[in-house]
Amino acid sequence: MIQSDWGDWLVRDVEDASPDGVAIWYLGCNGFVLKGNEGTTVYIDPYLGLGDPPRTVRMIPVPFDPADVTDADAVLATHEHTDHVHGESQAPILEQTGATFYAPDDSLAVARDEEEWTADWDLTDEQFAEVSEGDTLEIGEFTVHVEDANDPDATHPVSYVFEHDAGTFFHGGDTKPSDEFERIGDEYDIDLGVLAFGTVGRIPDKETREPKRTRWYNDENQIVEAASALGLERLLPSHWDMWRGLTSDPKVLHHHAKSFEYPTRLDLVEIGDRVDL
């Protein structure tokens, strides 16, 4: 069971908000909530678990109990890793709200086959929708394009581009730089983009539990390379706060981005913070 460190104030903050355009809350790790001015609410990669101590140890608060969520239209997953597809974090949101879970095939396999969400929560088959690169979804006031991602540690990662009258938002999951990013940047005028940022650490191997040099996310050069190719007006680094041994300080990115045309601005946020398009 999920036990929140914060009670329900963040969930209530989201559900009570009436943004002029699109409001975006950072949930820590790579989780976000988007809410449009018509009330459409979308969760992306919400993860409320503690990791797998002592291998992976959560370094930030658990910001809410998913059973407290009463308003959501969709939950999207970028890829199949536990901190992106997690029954205890996501299935209660689907159960409480009737929202649809959109995810690529390998992520759906985790939810339906490995974790058997339908056995533990009251969910219908219609609440699971497979997506793949090139798809376009209409979720309330958002038009969502499913795009390529480059995450060598995942079996089928995707990224998402959200178009709204207020602006365009990109969520790359745990992607690293990709040959497709210049095309994506040319195709969409992206106002705000999320890219995973971290450092190198020694994390116990999943099988042997022996410490192993580990790099899961973009370093300073990679994240700016990706942001530049995508033509991001605003870059929001994520994931840097999450795992013991892989945390980083996103303020260093001011120096790395300074000589590039894009990103033109860094949005540095902490868990629970809100930004707007």
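Analyst: Let's start with a term: a residue is buried at under 20% relative accessible area, exposed at over 50%, and partly exposed in between (1.4 Å probe, protein chains only). Trp117, at 0%, is buried.

User: Okay! Where does this model come from?

Analyst: It's a predicted model, where local features need pLDDT of at least 70 and side-chain atom pairs count only at pLDDT 80 or more, while totals for chains, interfaces and linings use all residues. Residues are numbered from 1 along each chain as its sequence is written, and side-chain values use heavy atoms, with hydrogens and water left out.

User: How do I read a helix, say H3: which of its residues are buried?

Analyst: Helices (H or I, at least four residues) and strands (E, at least two) are DSSP runs, numbered from the N terminus. H3 covers residues 105–114, and its Ser107, Leu108, Val110 and Ala111 are buried. Looking down the axis of H3, these fall within an arc of 155° (taken from the directions from the axis to the C-beta atoms), so they line one face of the helix. Asp113 and Glu114, on the other side of H3, are exposed.

User: What do the buried residues of H3 pack against?

Analyst: Contact means heavy atoms within 4.5 Å. The buried residues of H3 pack against strand S7 (100–103), helix H4 (117–120) and strand S8 (128–130). After H3 comes Glu116, which has a positive phi, near 50°.

User: Now for aromatic pairs: how many does the structure hold?

Analyst: Rings of Phe, Tyr and Trp (its six-membered ring) pair if their centres lie within 6.5 Å; planes under 30 degrees apart are stacked, over 60 edge-to-face, the rest tilted. The structure holds 13 such pairs. Take Phe101 and Trp117: their ring centres are 4.9 Å apart and their planes sit at 55°, so this pair is tilted. Phe101 is in strand S7 and Trp117 in helix H4, so the pair ties together parts that are 16 residues apart in sequence. Like Trp117, Phe101 is buried, at 0% relative accessibility. Elsewhere, Tyr26, Phe32, Phe142, Tyr160, Phe162 and Phe169 form one aromatic cluster.

User: Last one, Gly193: which residues does it touch?

Analyst: Leaving aside residues up to four places away in sequence, Gly193 touches Phe170, Leu232, Arg234, Leu235 and Leu236. Gly193 belongs to strand S13, residues 192–196, and counts as buried because its relative accessibility is 0%. As for Gly272, 79 residues from Gly193 in sequence, the C-alpha to C-alpha distance between the two is 18 Å.
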